[in-house]
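Take a look at the sequence and the model, then read on.

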Amino acid sequence: MDLIAVQSVRVARSRSDLALAPGEAVIGGGTWLYSEEQAHVTGIVDLLGMPWQPVTRSADALTLAATCTIQTLRDLPDSPLFLQCADSLLASWKIQRVATVGGNIALSLPAGSMTSLAVALDATLVLWTATAERRVPAADFVTGVQSNVLEPGEVIRAIEIPLESLGSSGFRRIALSPLGRTGTLVIARPGLFTISGGTHRPHQLRFEHWPSAHALAAAVDAIDDWYDDAHGSPDWRQAMSRRFALELLEELA
Ligand SMILES: Cc1cc2nc3c(=O)[nH]c(=O)nc-3n(C[C@H](O)[C@H](O)[C@H](O)COP(=O)(O)OP(=O)(O)OC[C@H]3O[C@@H](n4cnc5c(N)ncnc54)[C@H](O)[C@@H]3O)c2cc1C
C-alpha cells in the first residue's frame with residue numbers, strides 16, 4: 001500500500017548510513033512495512049544496500065545477515081529446520097523470495113518462525129547502531145507480541161548460529177487450516193525443547209539430559225502466556241504443544 005506519510009527514501013550503503021533521523025524506519029523486504037498504514041514513519045532507510053553477505057561460515061558458526069532472504073535460508077543444506085521454519089510462515093514463496101530473516105525477527109510476531117528457528121538453535125543476534133554493537137541471545141530478544149529489546153536506532157545486523165546446534169532435531173507445527181497461521185511450533189534438540197508460535201514469546205525448556213515425559217509435560221504446562229486470537233485458543237495451543245513435545249521426546253530420545 002502507499003505510505004502517504006513518507007517524505008524520504010534512502011538506501012543505506014555503509015554503517016554511518018544507519019544513523020536514523022526521527023521518523024525514519026529501516027526496511028528489509030518490506031513485506032510487512034508496506035502491508036499496513038505506518039502513520040509514524042516519515043522516512044525509509046533501505047538495508048538491502050548494505051554490503052552484507054547473506055550467509056558466511058566460520059569454524060564454529062553459520063552467520064546469516066539480517067538481510068538474508070527467507071528463500072536463501074530455505075535452500076541451505078545445513079539443517080532441515082531451515083526449510084521447515086521457512087515453510088511455517090503463512091506467507092507464500094512470493095513473500096519468501098523478498099522477506100528477510102532479520103525483518104521477520106524484528107517484527108516479533110508470535111508466528112515469526114525465523115524467531116522460532118533462531119531461539120531453537122541457540123543463535124546470537126548481533127545488533128548495530130551506526131557506532132555501536134551488542135549481542136543478545138535470540139532467546140532473550142522477543143519480549144512479547146511485536147515487542148523486543150531493540151533500542152531506538154538499533155538494527156539487527158546478523159544472526160549467528162553455532163554449528164554445534166545443527167545436529168539432530170525434531171519439528172512439529174500445526175495451524176487451524178492447511179495453509180493457516182501457526183497455532184504452535186515445537187522444535188526439539190538434545191536437551192532443549194523450544195515452544196513458540198502459540199505463545200506471546202518463545203520459550204526454551206532446557207534439560208541436562210532427556211527429561212521424563214512427566215517432567216516435560218509439566219514444563220510445557222508451566223508456560224503461562226498462551227496466545228489467544230482467531231488462529232487458536234490458548235487451551236488448544238497448550239494441548240497441542242504438550243502433545244508435540246512428548247512425541248518429539250519419544251522420537252529423539
Ligand atoms: C501474505 C503474508 C503472510 C505473512 N505471514 C507471516 C507469518 O506467518 N508470520 C510472520 O511472522 N509474518 C508474516 N508476514 C509478515 C512479514 O511478511 C514477515 O514477517 C516477513 O518476514 C517480514 O520481513 P521483511 O524483510 O519483509 O520485513 P519488513 O516489512 O521490511 O520490516 C518489518 C519490520 O521490521 C523492521 N526491520 C526490518 N529489518 C530490520 C532489521 N534488520 N533490524 C531492525 N528492524 C528491522 C522494519 O522497520 C519493520 O518494522 C506475512 C506477510 C504477508 C504479506
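## Around the ligand

Strand E2 (24-27), helix H4 (101-107) and strand E10 (155-162) each supply at least two residues of the shell around the ligand. Helices (H or I, at least four residues) and strands (E, at least two) are DSSP runs, numbered from the N terminus. This is a predicted model: local features need pLDDT of at least 70, side-chain atom pairs count only at pLDDT 80 or more, and totals for chains, interfaces and linings use all residues. Residues are numbered from 1 along each chain as its sequence is written.

H4 gives the most to this shell, with 5 residues. In total, 29 residues surround the ligand, and the closest are Gly28, Gly29, Gly102, Gly103 and Asn104; a residue is near a molecule if its C-beta atom, placed from the backbone, lies within 6 Å of it. Because domain 1 (8-49) and domain 2 (55-165) both give residues to the shell, the ligand lies between them. The domain bounds come from an automatic or database domain assignment.

## An open sheet

Now follow the order E4-E5-E10-E6-E7: these 5 strands form an open sheet with antiparallel pairing. Strand E4 (55-57) and strand E7 (133-137) stand at the edges with a single partner strand each, so one side of each has no neighbour in the sheet. Two strands pair if DSSP finds at least two bridges between them.

Within the sheet, 5 bridges join strand E6 (residues 124-128) to E10. Val126 has Ala158 in E10 as its bridge partner.
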